[in-house]
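Hi,

Here is the structure I promised to pass on. Have a look at it first, and then read on for what turned up.

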Amino acid sequence: MPLIDTAGLTEQLLAAPPPASASASASASASASADVRPGAAPPLPGDPVHALRRRSAQRHWAPEPLDGDVLVKALAYAFEQDGRLWRSAFPTLPTPTATVLVQRLLDVPEGCHRYEPEGRRLVPEPRALPPLADLVLQLEFAEAPALVVVHGDLAAALERRGAGGHRLLLARGAALAHSAWLAALSLGAVGSVFAGVLGAAGRTHLGLDGSGRAQLIGLALGSPRRVRPAPAPAPGDRTGEW
C-alpha cells in the first residue's frame with residue numbers, strides 16, 4: 001500500500017467546495033469570467049480533471065496508433081508554457097528543441113520529425129528512424145508510438161549563463177517535457193517522462209553531440225492499454241475468503 005493515497009487525495013480535492021471568499025468573488029466577477037488574467041496559465045487543451053485522475057507514469061501501450069493531433073496539441077501547449085514562463089525570465093537561455101521519433105501516429109508518417117513551435121506542426125527530418133530498441137535502456141519505451149527527445153544548445157547556455165546555464169537548461173527541458181505529458185493526459189493519452197535515449201546511440205542516430213545538441217530529457221507517449229475486467233468468481237469458489 002502506498003504511503004500517500006494520491007488517488008484518494010485527488011478525489012477529495014475535486015469534491016471539495018470552493019472557499020466562500022473565492023465563491024463570492026467568482027459570482028461577483030461572473031460577467032467578466034471570459035477575461036483571462038494577464039500572466040495566467042493557459043488552460044490545458046483537454047480535460048484537466050481527466051489529467052488529474054490519470055497523472056501516473058505509464059510505460060505500456062495499446063497496439064493502436066496514437067492520434068497525431070494529440071501529440072501536436074500537447075507540444076503546442078508545452079511550448080506556449082515554456083515561452084510564457086522561461087523566455088521572459090531567462091531571455092538569453094536557448095529555447096529547447098523537441099525531436100519526435102514516430103512509430104505509430106495517425107496522419108503522421110513513421111520517421112524522425114522536429115516540432116516547429118511557430119507553425120505548430122511536425123516537420124520531417126532528413127534522417128532515417130533508427131530501431132528504438134537500440135536507443136533506450138528500458139525496452140518498453142521502444143514500443144511507444146512516439147518518443148519525444150528534448151535537447152538544447154548547451155554550449156550557448158554555458159557561454160551566456162556560465163556554469164549555471166547547464167542547470168537552467170536541464171530544468172527548462174524538464175518543465176517542457178512535463179507540460180507536454182500533462183497536456184497529453186488531458187487529451188486521453190498516457191505516457192512517461194524518462195531519462196532519454198542512450199548517449200552513444202543518440203550521438204550516432206540523432207546527432208546529439210552533447211554540445212550544440214545536448215539531450216535534456218525524454219518523453220514517451222501512446223494510447224492507453226485496455227484493462228480486462230477481472231473474471232467473476234465461479235459459484236462455490238471460496239478463494240480469498242478467510
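Two elements, α4 (68-87) and β4 (111-116), each supply at least two residues of the lining of the largest pocket. Helices here are DSSP runs of H or I with at least four residues, strands are runs of E with at least two, and both are numbered from the N terminus. Of the elements, α4 gives the most to that lining, with 5 residues. Before I go on, note that this is a predicted model: local features need pLDDT of at least 70, side-chain atom pairs count only at pLDDT 80 or more, and totals for chains, interfaces and linings use all residues. Residues are numbered from 1 along each chain as its sequence is written, and side-chain values use heavy atoms, with hydrogens and water left out.

Back to the pocket. The space in it comes to about 210 Å³, and 13 residues line it, with Phe79, Arg87, Thr95, Pro117 and Glu118 nearest its centre. By class, the lining is 5 nonpolar, 3 polar and 5 charged residues. (Ala, Val, Leu, Ile, Met, Phe, Trp, Tyr, Cys and Pro count as nonpolar, Asp, Glu, Lys and Arg as charged, and the others, Gly among them, as polar.)

A search of the whole structure turns up 1 cavity of 30 Å³ or more. On a 1 Å grid over the protein atoms alone, a cavity is a set of points where a 1.4 Å probe fits but cannot get out, while a pocket is an open set with protein on both sides within 12 Å along at least five of seven lines; lining residues have an atom within 4 Å of a point. Grid points are joined across faces, edges and corners, and a volume is the space filled by probe spheres set on the points. The largest cavity has a volume of about 40 Å³. Its lining is made of Leu75, Phe79, Ala98, Val148, Val150, Leu176, Ala177, Ala180 and Leu219. The elements giving two or more of these residues are α4, β6 (146-152) and α6 (164-186), and the largest share, 3 residues, comes from α6. What classes line this cavity? The lining has 9 nonpolar, no polar and no charged residues.

(Strands pair if DSSP finds at least two bridges between them.) Valine 100 stands opposite valine 148 in β6 and opposite histidine 113 in β4.

Glycine 207 follows α7, with a positive phi near 70 degrees.

As for the whole protein chain, it has 7 helices and 8 strands, and 38% of its 242 residues count as buried.

Cheers

Notes: Buried means under 20% relative accessible area, exposed over 50%, partly exposed in between (1.4 Å probe, protein chains only).
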